[in-house]
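I opened this notebook to keep track of what I look up. The entries below follow the order in which I went.

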Amino acid sequence: MASSSLLLACVVVTAMVSAVSCGPPKVPPGPNITTSYGDKWLEAKATWYGAPKGAGPKDNGGACGYKDVDKAPFLGMNSCGNDPIFKDGKGCGSCFEIKCSKPEACSDKPALIHVTDMNDEPIAAYHFDLSGLAFGAMAKDGKDEELRKAGIIDTQFRRVKCKYPADTKITFHIEKASNPNYLALLVKYVAGDGDVVEVEIKEKGSEEWKALKESWAPSPF
């Protein structure tokens, strides 16, 4: 009886260990996406979050610190990016074309999206968690709801230059954490590459420009 009990205990422990190790394997992130543009399409997984035809986050913001991403110039065409897309905030504001050919509801025509948020789900080397509106934009006419029901889908993407309407101006937003001893700026609506490489400021009446230190989204400098 003692031997049988010991055997049963071993079987239970083995089952518990197996249960812990099951589930989809974690996929290492791909190389960081840079501003090297080209015609090459890369493979990615895509999901969606928020309201079915919404801009993503409930507060119309996201990890990049942008607000009103449901309004111009983003117009709800937004996405979270995993590590090589979000890049600790360096990818905020970058623009991509994304498309899908399967399932049948896919149009295989690219939709233009903006990175405004982050995700850390290790389901693919590249993973876009799109707003409901952006996810549906990859569908054939009238098939957006059907596509959203597909869940995780395979897509192709490439980085492209951001092209905002002519009346869109680059914006420097002073963050709430700023005080007389600390200044935090959020830079928004950078056309072209969409990347901010360096920011310098000088006090009024001074001739000296000082480089700001990069921090992290939503206060990159």
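Predicted model: local features only at pLDDT ≥ 70, side-chain atom pairs only at ≥ 80, totals over all residues.

Entry 1: Which strands are parallel and joined by 5 bridges? I found β1 and β5, which run parallel with 5 bridges between them.

**Entry 2: the main core.** I looked next for nonpolar packing. In soluble globular proteins, nonpolar side chains tend to be buried together. The largest nonpolar core in this model has 23 residues. Which residues have the most contacts inside it? I wrote down F128, L130, M138 and L147.

I asked where the core's residues come from. At least two each are supplied by β1 (42-49), β3 (95-99), β4 (111-118), β5 (127-131), α3 (132-136) and β6 (153-160). β4 gives the most, with 3 residues.

**Entry 3: A134.** I moved to helix α3, where A134 is found. Is A134 buried or exposed? It counts as buried because its relative accessibility is 0%, and the cut-off for buried is under 20%.

I listed what A134 is in contact with, leaving aside neighbours within four places in sequence. The partners are G76, M77, N78 and I113. I also checked A134 against G54, which is 80 residues apart from it along the chain. Their C-alpha atoms are separated by 8.5 Å.

**Entry 4: the disulfides.** A disulfide is a covalent bond between the sulfur atoms of two cysteines. How many disulfides does the model hold? The count comes to 3.

I took C64 and C92 to begin with. A disulfide joins them, S to S 2.1 Å. The torsion about their S-S bond is about -90°, so this disulfide is left-handed. C64 sits in the loop between β1 and β2 (78-81), and C92 in the loop between α2 (83-86) and β3. The pair links distant parts of the chain, 28 residues apart. Both C64 and C92 are buried.

I went on to C95 and C162. They too are joined by a disulfide, S to S 2.1 Å. Why is it called right-handed? The torsion about the S-S bond of C95 and C162 is about 110°, so the link is right-handed. C95 is in strand β3, while C162 is in the loop between β6 and β7 (171-174). They are 67 residues apart, so I logged this as another link between distant parts of the chain. Both C95 and C162 are buried.

The remaining entry is C100 with C106. Their sulfur atoms are 2.1 Å apart, and they form a disulfide. The value about the S-S bond is -105°, and the link is left-handed. Both C100 and C106 are buried.

I then numbered the bonded cysteines in sequence order. The pairing reads 1-2, 3-6, 4-5.

C80 is in no disulfide. The nearest cysteine sulfur is that of C64, 8.8 Å away. C80 is buried, with a relative accessible area of 2%.

**Entry 5: S94.** My last stop was S94, in the loop between α2 and β3. S94 is buried, with a relative accessible area of 1%. What lies 2.5 Å from a polar atom of the S94 side chain? I found the backbone oxygen of G91 there.

I listed the residues that S94 touches, not counting those up to four places away in sequence. They are I113, H114, V115, R159 and C162. C162 I had already logged as the disulfide partner of C95. I113 I had already logged in contact with A134.

Technical notes:
Residues numbered from 1 in each chain as written. Heavy atoms only, no water. Core = buried A, V, L, I, M, F, W, Y, C linked by side-chain atoms within 4.5 Å. Buried < 20%, exposed > 50% of the residue type's maximum accessible area, 1.4 Å probe, protein only. Helix = DSSP H or I, 4+ residues; strand = E, 2+ residues; numbered from the N terminus. Contact = heavy atoms within 4.5 Å. Disulfide = S-S within 2.5 Å. Polar contact = N/O pair within 3.5 Å; in protein donor to acceptor, adjacent residues only side chain to side chain. Pairing = 2+ DSSP bridges.
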